[in-house]
Amino acid sequence: DVTEIEEKEAQAKQEEQIMKEQELSNLLHEKRYLRALGLAISLDRPHTVLMVVKAILKETDGRKHLEENIVRLRKDQKEAVLAFSVTWNTNSRNCHEAQAVIETLLKHEAPDTLLQYSGIKSTVESLLPYT
């Protein structure tokens, strides 16, 4: 019977998830936004990434800090943030944050680099009606 083993694995995953959420909360409280962005992206939490972006933009020189943090993300993380921005952009409450992220990526990434992002064609097609 493997039920007990599966239950222990599920419990371990749940505990790990709780630990990561606590770490994310601590990072936001300490204003360590780059690590918070990376962790929220790795947890695949678009809403949490949005909250981190909003927190960055509320800071003095928020746009500058947002650029500094997004530029330092890995390529796969930038792809994820861009994909999240597509969804944020469809809601008028979140479109300004989405546009700030999109502007940063367009400003700091070469067109050839952007073309290598996975699903870039559908991303651009999704952004056009709302941008």
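Here are a few friendly notes on this predicted model.

1. Let me start with the annotated region. An unreviewed UniProt entry lists residues 21-131 as "domain: U3 small nucleolar RNA-associated protein 13 C-terminal".

2. Next, the aromatic rings. The structure holds one aromatic pair, made by Phe-84 and Trp-88. The ring centres are 6.4 Å apart, with 40° between the planes.

3. Phe-84 and Trp-88 both belong to helix 5, which covers residues 75-89. They are four residues apart, about one turn of the helix, and both are buried.

4. Ser-85 also lies in helix 5. Its relative accessibility is 0%, so Ser-85 counts as buried. Leaving aside residues up to four places away in sequence, Ser-85 touches Ala-98, Val-101, Ile-102 and Leu-127.

5. Asp-44 has a positive phi, near 55°, although it is not a glycine. You will find Asp-44 in the loop between helix 2 (33-42) and helix 3 (46-58). With a relative accessible area of 55%, Asp-44 is exposed.

6. The other one is Asp-61, a non-glycine residue whose phi is positive as well, near 60°. Asp-61 is placed in the loop between helix 3 and helix 4 (62-71).

Note on methods:
Residues are numbered from 1 along each chain as its sequence is written. This is a predicted model: local features need pLDDT of at least 70, side-chain atom pairs count only at pLDDT 80 or more; totals for chains, interfaces and linings use all residues. Side-chain values use heavy atoms; hydrogens and water are left out. Rings of Phe, Tyr and Trp (its six-membered ring) pair if their centres lie within 6.5 Å; planes under 30 degrees apart count as stacked, over 60 as edge-to-face and the rest as tilted. Helices (H or I, at least four residues) and strands (E, at least two) are DSSP runs, numbered from the N terminus. Buried means under 20% relative accessible area, exposed over 50%, partly exposed in between (1.4 Å probe, protein chains only). UniProt positions are given in the numbering used here, feature names are shortened, and annotations may be inferred rather than shown by experiment. Contact means heavy atoms within 4.5 Å.
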